Amino acid sequence: MALLTIQNLALGYESRTIVENLNFTVNKGDYLCIVGENGSGKTTLMKTLLQLKSPISGDIIVGDGLKKNEIGYLPQQTIVQKDFPASVKEIVISGCQGRCGLRPFYNKQEKQIAKENMERMGIIDLANRCYRDLSGGQQQRVLLARALCATRKILLLDEPVSGLDPKVNMEMYNLIEELNKEGITIIMISHDMSAALRYASHILHIGDKIFFGTKEEYVNSKAGKNFLIQEGGEM
């Protein structure tokens with residue numbers, strides 16, 4: 001059974017529809033890249049999948065044992081978030097909040113999960129550093145470790161390399177690819193078509209025309225060919 005099944009979904013603001021008739025599935029181990037023009041509804045879709053927004057109509061069916069609090073999320077950073085005055089370990093372990101229920105503190109297991117994910121992201125030596133003093137790449141690793149504390153199944157990433165230099169971009173993409181190879185399902189919004197075509201197993205294109213299928217199907221589709229010419233993406 002699919003982790004997520006999206007049926008006839010319509011999205012928008014204050015009853016104004018910006019995208020409709022979205023239908024796609026996400027299975028365990030998929031690497032789905034969501035692409036399309038600015039303002040087409042990509043971030044709105046991600047917030048809807050996270051239940052931060054309600055759809056205008058349609059259904060989101062969660063399956064394969066996935067619980068609603070088991071989805072890790074790495075949002076686009078704002079200037080305020082980049083200047084957040086907390087330690088790395090405080091931010092990372094906050095990803096365990098969904099596991100705590102009504103408990104006002106983290107237990108030994110959750111502290112261990114945070115430590116393991118800091119080690120996984122190569123930031124254990126930064127544990128006591130202030131988040132706002134880190135480089136952009138280090139901050140993204142912290143946020144990725146935080147997202148991993150919430151899930152072992154699926155990560156939603158909104159432009160995870162935005163604003164990073166090319167070397168750090170590649171490091172982030174490699175980290176995400178390794179997580180996918182370990183069995184974590186990835187749903188990622190990306191404006192980087194070259195990266196989408198290199199790493200994704202599936203593409204969801206949102207725009208005047210909606211496309212969902214494998215990377216190979218997208219490259220050979222009319223929507224894919226037109227968008228690749230527009231964006232300059234290459235295989």
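**Salt bridges and pockets in a predicted model**

Me: What separates E171 and K167 in helix α7?
Reply: In this predicted model, E171 and K167 are four residues apart in helix α7 (residues 166-181), so about one helical turn lies between them.

Me: What makes the contact between E171 and K167 a salt bridge?
Reply: The closest N and O atoms of E171 and K167 are 2.7 Å apart. The criterion is a side-chain nitrogen of Lys or Arg within 4 Å of a carboxyl oxygen of Asp or Glu. The pair therefore qualifies as a salt bridge.

Me: Why is K167 called exposed, and why is E171 called partly exposed?
Reply: K167 has 60% relative accessibility, and exposed means over 50%. E171 has 28%, a value between the limits of 20% and 50%, so the term is partly exposed.

Me: How do you know that E178 and K181 form a salt bridge?
Reply: The closest N and O atoms of E178 and K181 are 4.0 Å apart, and the cut-off is within 4 Å; the pair is counted as a salt bridge. E178 and K181 are three residues apart in helix α7, so they too are separated by about one helical turn. K181 is exposed, with a relative accessible area of 60%, whereas E178 is partly exposed at 41%.

Me: Which residues do salt bridges with shared partners join into one network?
Reply: The network consists of R141, K167 and E171.

Me: Why does the salt bridge of E70 and K153 tie together parts that are apart in sequence?
Reply: The two side chains meet at 3.7 Å, N to O. E70 lies in the loop between β4 and β5 and K153 in the loop between α6 and β6 (154-158), so the pair links parts 83 residues apart in sequence. E70 is partly exposed, with a relative accessible area of 22%, and K153 is partly exposed at 29%. The structure holds six salt bridges.

Me: What makes up the lining of the largest pocket?
Reply: The largest pocket has a volume of about 880 Å³. Of its 36 lining residues, I71, G72, Y73, R146 and A150 are the closest to the centre. The lining divides into 16 nonpolar, twelve polar and eight charged residues; G72 is a lining residue, and Gly counts as polar.

Me: Which helix gives the most to the lining of the second largest pocket?
Reply: Helix α10 (residues 222-231) does, with five residues. The volume of the second largest pocket is about 190 Å³, and its lining has two nonpolar, four polar and four charged residues.

How values were computed: Residues are numbered from 1 along each chain as its sequence is written. This is a predicted model: local features need pLDDT of at least 70, side-chain atom pairs count only at pLDDT 80 or more; totals for chains, interfaces and linings use all residues. Side-chain values use heavy atoms; hydrogens and water are left out. On a 1 Å grid over the protein atoms alone, a cavity is a set of points where a 1.4 Å probe fits but cannot get out, and a pocket is an open set with protein on both sides within 12 Å along at least five of seven lines; lining residues have an atom within 4 Å of a point. Grid points are joined across faces, edges and corners, and a volume is the space filled by probe spheres set on the points. Helices (H or I, at least four residues) and strands (E, at least two) are DSSP runs, numbered from the N terminus. Buried means under 20% relative accessible area, exposed over 50%, partly exposed in between (1.4 Å probe, protein chains only).
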